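Open the model in your viewer and keep the selection tool at hand. Each stop says what to select and what is there.

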Protein chains: 2
Amino acid sequence: MAKTTSDDHRDPDLIAVQAGSAAASEMTRPAGLDRDRILTAAIAFIDENGLSALTMRRLGATLGVEAMALYRYVPGREDLLDGVVDRVVETLFDKDDGDDIYVEDHNGWQDYLMRLAHGVRRIALAHPSVFPLVASRPPAAPWVRPPLRSLRMVESFLGTLTDAGFPDQAAVAAYRAYSSFLLGHLLLEVTQLGAQVSLLDQPEGDPEAQANTDLTQFPALLRTEKLLSRDKSAAEFEEALENLLDRLERVLRETRASDGDAGDLA
Amino acid sequence: MAKTTSDDHRDPDLIAVQAGSAAASEMTRPAGLDRDRILTAAIAFIDENGLSALTMRRLGATLGVEAMALYRYVPGREDLLDGVVDRVVETLFDKDDGDDIYVEDHNGWQDYLMRLAHGVRRIALAHPSVFPLVASRPPAAPWVRPPLRSLRMVESFLGTLTDAGFPDQAAVAAYRAYSSFLLGHLLLEVTQLGAQVSLLDQPEGDPEAQANTDLTQFPALLRTEKLLSRDKSAAEFEEALENLLDRLERVLRETRASDGDAGDLA
DNA sequence: GCCCGACCGTTTACGGCGTAAACGATCACG
DNA sequence: CGTGATCGTTTACGCCGTAAACGGTCGGGC
């Protein structure tokens, strides 16, 4: 009954994801535990069963081991989740994917921001159940506003922009605008994606009953129902991103015009 | 020791919040349970102790009642949380606050979007620990993309924009851009706010050790440390919001110029 | 007056959770 | 052949969400 996605013209970030999903659940291998194997298994587990299903006992089981065995490599559940987040974020810097996403060798700051955005989006689409964790976990350095855990990423961002001529203040403002855009867009995208699959998973009672929740008192909703449910995430992402870049470009130009000025973006 | 916030020039949304916090924890009143009292208590509890601290037993205790008593009014914990989210979102439409936020009597669609944005921001600042729930809970109507629970709010949004001349398609696109902006910005704001208070709560061991996590390998971070930790959320929110409105205005103008055109924003 | 159901909070119980602590088993090295 | 380190298991504790049975306190019909 109907394909899962109606990808009109294909989403490159999603395609990259699908191509690289050969990991699979590993399941009941006898032993040889280590922190890395545990993190990998945890990510796979969350991808398959959702965050709330992850318990120490169950994770242990998929590794063919009792729950307590994990505690030799991980201080506790919370730290495990921190580890999952760090691990997932670090894949941004993995070069071996070899394609156009690797952020370190970029071609100007706009190109850098584009690569970074699509890199993060790929992560979000590859691990939709993990991504909310990235957004909600307390940051590595709480004084960084907004706090986005990976110091390496923040450093990379700020370094690139200041190298490109952004005064510190403008680079910081850009960092905030950029990360809040990215977070908001991707969080909505994965939430909706999760909602879709959970819909497919369990039709849950009368499908008609909940399919159209009586919208008679919501005329605008009723009228735009089809439009609202259409997925144009990729295109919208692109446009919003480009708009943000335009805005930053404007800031940079203005800053250069009146050099020495503090360049107060906000 | 030291005031909590260094509010330079005051944040109106935050001020409105602080003025209205007279509710207090209610604590051990004997009986007279009902769904409303439970929801109110749950919100107060989360505000004071954080989401993860909320358990049925503890919530019962603050109401002077055993955990199981709650189940007569609430089907279970998850539904309780849904109720909390709905309740908090509905306060957007409470008129009795009487001030400039009430969304229903607005002055043009820009004014409406401004009111709505600040209304949501007030909610986020008033209940920083509840807000992430608003963002992460599955939506009331899963087919709405992005799913933002309150159908009433979506309806209100779409109705206002189409009344103002936006074609359906543009209104939907605007809804997505707007809600993802709002979500991203506010989520970062409350996360960082939560990080701050949890920092104040428990200095947790040697304060020097974790205060400056050795940034020697992160020069840009080190250089902009002060800038990064400064709170300009209100100003940045305002600027990003205005920028979004400008963009929507441009779309509307272009649409009008070539009327009958589909007005494809994305 | 009395009984009886409805209402509503309590008690008890169960399986699962995170994790502290004690306990083997295995194995490299003196 | 110890013998200590390494690493997974067992046991146990307190807390969780919640199903099910229970009791106590009413208001209305006989």
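This is a predicted model: local features need pLDDT of at least 70, side-chain atom pairs count only at pLDDT 80 or more; totals for chains, interfaces and linings use all residues.

Residues are numbered from 1 along each chain as its sequence is written, and chains are lettered from A and ligands numbered from 1 in the order in which they are written.

**Stop 1: chain A**

Select chain A and colour by secondary structure. Chain A has 13 helices and zero strands; helices (H or I, at least four residues) and strands (E, at least two) are DSSP runs, numbered from the N terminus. Of its 266 residues, 38% count as buried. Buried means that 20 or more other C-beta atoms lie within 10 Å of the residue's own, exposed means 12 or fewer, and partly exposed is in between, with C-beta atoms placed from the backbone. Among contacts in chain A between residues at least 6 apart in sequence, 66% join residues at least 24 apart. Two residues are in contact if their C-beta atoms, placed from the backbone, lie within 7 Å.

**Stop 2: two domains**

Select residues 20-74 of chain A, which are domain 1, and then 98-203 + 217-266, which are domain 2. These bounds come from an automatic or database domain assignment. Where the two touch, domain 1 of chain A supplies five residues and domain 2 of chain A four. On the domain 1 side, three are nonpolar, one is polar and one is charged. Here Ala, Val, Leu, Ile, Met, Phe, Trp, Tyr, Cys and Pro count as nonpolar, Asp, Glu, Lys and Arg as charged, and the others, Gly among them, as polar.

**Stop 3: helix α6 of chain A**

Select residues 109-126 of chain A. In α6(A), 16 of the 18 residues are buried.

**Stop 4: the DNA strands**

Show DNA strand C. A residue is near a strand if its C-beta atom, placed from the backbone, lies within 6 Å of it. Around DNA strand C there are 15 residues, of which A:Thr55, A:Met56, A:Gly76, B:Glu66 and B:Met68 come nearest. α3(A) gives the most to this surface, with three residues.

**Stop 5: single residues**

Select B:Val88, in helix α5 (residues 77-90) of chain B. Is B:Val88 buried or exposed? B:Val88 is buried, because 22 other C-beta atoms lie within 10 Å. Leaving out residues up to four places away in sequence, B:Val88 touches B:Ile43, B:Ile123, B:His127, B:Val130 and B:Val134.

Last, select A:Ser179, in helix α9 (residues 168-201) of chain A. A:Ser179 counts as buried, because it has 23 C-beta neighbours inside 10 Å. Finish with a distance: A:Ser179 and A:Thr216 are 37 residues apart along the chain, and their C-alpha atoms are separated by 38 Å.
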